[in-house]
Amino acid sequence: MLRRHIQDAAFYWQQLDTAPQEPGLRAERLQHFARLLAAHLEGLTVAGSAAWPDALAALQRWRKPGEAFAASHVALNLADAEAQAALLAQVARHPDLLLRGLIGGLMVASTGAAQRFNEAAWAQTGSDAKPKQVQMVAALRSCALRGTEVPPTVMAAVLTHTNPAVRAAACRASKGAASLLPLLQDGDLCVRAEAAIALGPQSTAAVNVLLQAVLAQAQVCQQATGWTRMQAQRRLARWLRHLAWLMNPTEQQHEVASLLGQLPLREALRFTLFLGDPAHLGFVLKALDDEEQARWAGFVWQSLTGVDLIEQGLTSPEPLVDLDAGLTRARQDGDQGLPLPDAQAVRAHPVNATLPLRAGHRVLHGQDLTPARLATLLRIESNQPQLLRAVAAQAWNALVRQSQSPETALRIQLRAGAIALLAQDQALANRS
């Protein structure tokens, strides 16, 4: 029974963690996953110390983020120094792979458990030991997600830490302090990008720094393979959605068009979706001719315009599936339920003539991104695809940041995944 709790907790957390990237996973299904995850975590909590040997064994065997999440949940609940040391030792062997799971465990931990973990990290800011540095990164990232203040003396130390992963995590937790300005010229790509994101509109240089980081990361993605490529693409997707709100659609149309031409097509379409500027609808329409990305381009077009491809009869017949062929990007999109658009019919739709007249605005489903509209999209009962809820969440965060109004300062964290979006649902209802 314990092994089943561990396996299923790892599985359902993985679904929630990847949900903001998924166009085919809707909010109500996600809520179901969240409930199942909560049930399995409760089982592990009730088991207490009896769950730790199996949780550690699963992490050692599979070495996946989901197992790191389950083991983190158990170890943090136990408040056992030896268990947490064993956990950190495992994560430190494959930090790029397992750190997400540890951070996820911190996000569902009690306030007291997370605080104890963080305080232990703050006491080791000068340590060269890899497990201690992993703990520092996890603590900083969880503080960024929870909105917890990092002690000023600790922040000063981690912003100049020798480990670039610690510096990058410190940027996330810094809340845009002016002390980040030197890090825009850091020797590490990730540190420069995270400093630019943290500073945002406070620095006129931030947008250009992040733009160059995006282009460099796109090259990394092109050259990487396997899990390394998956991680690189996840990082690129994060930077792109932030860049979309740092760039000014009205004043930087030329720069946006240039960026779209330099990015891989899928990432360019993703950026167009988060940017939301109808001026670039023509780019999306052209992408319908790409066999690999046609379904994805159709989803982006439908999301921007609000015209449902299936309801409006704008789809092509589904081709026969060759079960012996390799798994292509187009096949994956089809498996997720994205329809195959009829490119000629889509191009003939009148919305392509009317929506671009609102160039310079930010739209989703053909409507301007107002707080009331965003709140509607984010609510569970809207049952929107989780990727569109992620777009709405990013827009909400950006609007809150721009307004600097405490009355509207409801922060929705994408990295916390679906859990945070679900948890904020009632708060959205109260604010809108």
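**Helix Packing and Burial: Reasons for the Terms**

Tutor: Helix 1 passes helix 3 in a right-handed crossing. The model is predicted, with local features needing pLDDT of at least 70 and side-chain atom pairs pLDDT 80 or more, whereas totals for chains, interfaces and linings use all residues. Residues are numbered from 1 along each chain as its sequence is written, and side-chain values use heavy atoms, leaving out hydrogens and water.

Student: What makes a crossing right-handed or left-handed?

Tutor: The near helix is turned from the far one clockwise in a right-handed crossing, and anticlockwise by less than a right angle in a left-handed one. Helices themselves are DSSP runs of H or I with at least four residues, strands are runs of E with at least two, and both are numbered from the N terminus.

Student: Why are helix 1 and helix 3 called oblique to each other?

Tutor: Helix 1 (residues 2–18) and helix 3 (residues 52–62) pack at an angle of about 45°, their axes being 9 Å apart. Axes are lines fitted to C-alpha atoms, for helices over the stretch in contact, and angles between N-to-C directions run from 0 to 180 degrees. Angles under 35 degrees count as roughly parallel, over 145 as roughly antiparallel, 65 to 115 as roughly perpendicular, and the rest as oblique. Helix 1 and helix 3 are therefore oblique.

Student: Which residues make the contact of helix 1 and helix 3?

Tutor: Leu2, Arg3 and Ile6 of helix 1 and Asp54, Ala55 and Ala58 of helix 3 make it, contact meaning heavy atoms within 4.5 Å. By class, this contact has four nonpolar, no polar and two charged residues. Here Ala, Val, Leu, Ile, Met, Phe, Trp, Tyr, Cys and Pro count as nonpolar, Asp, Glu, Lys and Arg as charged, and the others, Gly among them, as polar.

Student: What makes helix 2 oblique to helix 4?

Tutor: Helix 2 (residues 27–47) and helix 4 (residues 65–78) pack at an angle of about 45°, with axes 10 Å apart. That angle makes helix 2 oblique to helix 4. Their crossing is right-handed. Leu37, Leu41, Leu44 and Thr45 in helix 2 meet Phe69, His73, Val74 and Asn77 in helix 4, a contact of five nonpolar, three polar and no charged residues.

Student: How do you know whether Leu374 is buried or exposed?

Tutor: Buried means under 20% relative accessible area, exposed over 50%, and partly exposed in between, with a 1.4 Å probe and protein chains only. Leu374 has 0% relative accessibility and therefore counts as buried. Leu374 is found in helix 21 (residues 371–378).

Student: Why is Ala79 placed in its accessibility class?

Tutor: Ala79 has 44% relative accessibility, so it counts as partly exposed. Ala79 lies in the loop between helix 4 and helix 5 (81–93), and has a positive phi of about 55° although it is not a glycine.

Student: How is His161 classed, and why?

Tutor: His161 has 8% relative accessibility and therefore counts as buried. His161 lies in the loop between helix 9 (152–158) and helix 10 (164–173).

Student: What makes a set of residues a nonpolar core?

Tutor: Such a core is a set of buried Ala, Val, Leu, Ile, Met, Phe, Trp, Tyr and Cys residues joined through side-chain atoms within 4.5 Å. The largest one has 137 residues, and Leu140, Phe271 and Trp301 have the most contacts inside it. Helix 12 (residues 206–223) gives the most to this core, with ten residues.
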